[in-house]
Amino acid sequence: MKLKQRVVLLAILLVIFIFTKVFLLDNLDTSAANREDQRAFQRMLAGLRVALEPRLEHTLQSPWEIAAQWVVPREVYPEDTPELGAVMHAMTTKKIIKADVGYKGTQLKALLVLEGGQKVVFKPKRYARDYIVEGEPYAGYDRHNAEVAAFHLDRILGFRRAPLVVGRFVNLRTEIKPVATEQLLGTFLTVGNNTCFYGKCYYCRETEPACADGDIMEGSVTLWLPDVWPLQKHRHPWGRTYREGKLARWEYDESYCDAVKKTSPYDSGPRLLDIIDTAIFDYLIGNADRHHYESFQDDEGASMLILLDNAKSFGNPALDERSILAPLYQCCIIRVSTWNRLNYLKNGVLKSALKTAMSHDPISPVLSDPHLDALDQRLLSILATVKQCTDQFGPDVVLVEDRMTLSHL
């Protein structure tokens, strides 16, 4: 065969190889990833119901030790959590051995230590389930039931970035006051026949206490993350100014995302995609109050954005605050896995899944029906926003593969 013919043949073979790699093998990889997303979704649905029972199988460890071992840089709990019910049962039943004012912040909370030394954050009930919070999207007191609902939504979306939360009833007279610090005890008072406390925080006032029904107070408890995973606080790039008449740059600059992409840790790694996942999560729950966020320390942008403090949510089911989605519609990128999961949750699946996931909780029903209905409507808005992005820039630009390997070793 002449040299020229050999060169032509090699060129043809090279073209065939490239075609196979780009159009066949890559598509096979994508299809395999999509199939795994579908399988993960089915596993999530199968494990939605979590029975709160004390039994721990195949282990001599305490529930607190098990939960501590779950935490890794990219998730708070693993996909397969057969001991989840036992940990949550312990959170809602273990004896309270110490009660103190909550860590510093704007909203009322108490820091409890449960038998075995596990810390939890207790947020008291302030509103009835059907109460509508009027005003700004971040108005009102914290909602304890919102923390419970947000945790289960985190499970359903497959993020696994929210610490465990479960509802709990506590007797303020017999469970809290005997073990309360002087600082917390000094904020107790009686209103009518009800025991109340106002704690210590930026907005805590003696005139605005949280009151039990008699001595029994409904609330939520959030599992404290292990001390071996210290947190680092960051200003959210799409945070609000909270000052009337003063807009943040992202609220008037449509090219703002381009500037964010040039700054650390958003110029590389998973953090910007985490911000967009969080915007989707916050839009679904109606949380417009994420002015800061936490990650694990010294992570150089590699750890997840942890979904802490979700209580400024589910305030008004009729209010869809589109500005929460600004990271999505300004950056026009989204993880393929997130996009797939959102599509699986269409046609009422999201509402049904969340209702099922929360049905075991001690304070069930956690949400009113209007809030559940609002989730399905907001999901449609998110899908429509992504479609606008793909129509403008194409799916290859908008849909980003980011499947980081997780390790629990």
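This is a short talk on two annotated residues in a predicted model.

First, the ground rules. The model is predicted, so local features need pLDDT of at least 70 and side-chain atom pairs pLDDT 80 or more, while totals for chains, interfaces and linings use all residues. Residues are numbered from 1 along each chain as its sequence is written, and side-chain values use heavy atoms, with hydrogens and water left out.

The unreviewed UniProt entry carries a "binding site" annotation on Asp142 and Asp309; UniProt positions are in the numbering used here, feature names are shortened, and annotations may be inferred rather than shown by experiment. The two are spread over 168 residues of sequence, yet the largest C-alpha distance is 9.0 Å.

Now Asp142. It sits in the loop between β3 (118–124) and α4 (144–157); helices (H or I, at least four residues) and strands (E, at least two) are DSSP runs numbered from the N terminus. Asp142 is buried at 10% relative accessible area, where buried is under 20%, exposed over 50% and partly exposed in between, using a 1.4 Å probe and protein chains only. Beyond four places in sequence, Asp142 touches Gln107, Lys123, Arg126, Ala311 and Lys312; contact means heavy atoms within 4.5 Å.

Asp309 is partly exposed, at 40% relative accessibility. Leaving aside neighbours within four places, Asp309 contacts Tyr103, Lys123, Glu147, Asn287 and Arg290. The side chains of Asp309 and Tyr103 also make a polar contact of 3.1 Å, that is, a pair of N or O atoms within 3.5 Å, one able to donate a hydrogen and the other to accept it; residues adjacent in sequence count only if both atoms are side-chain atoms.
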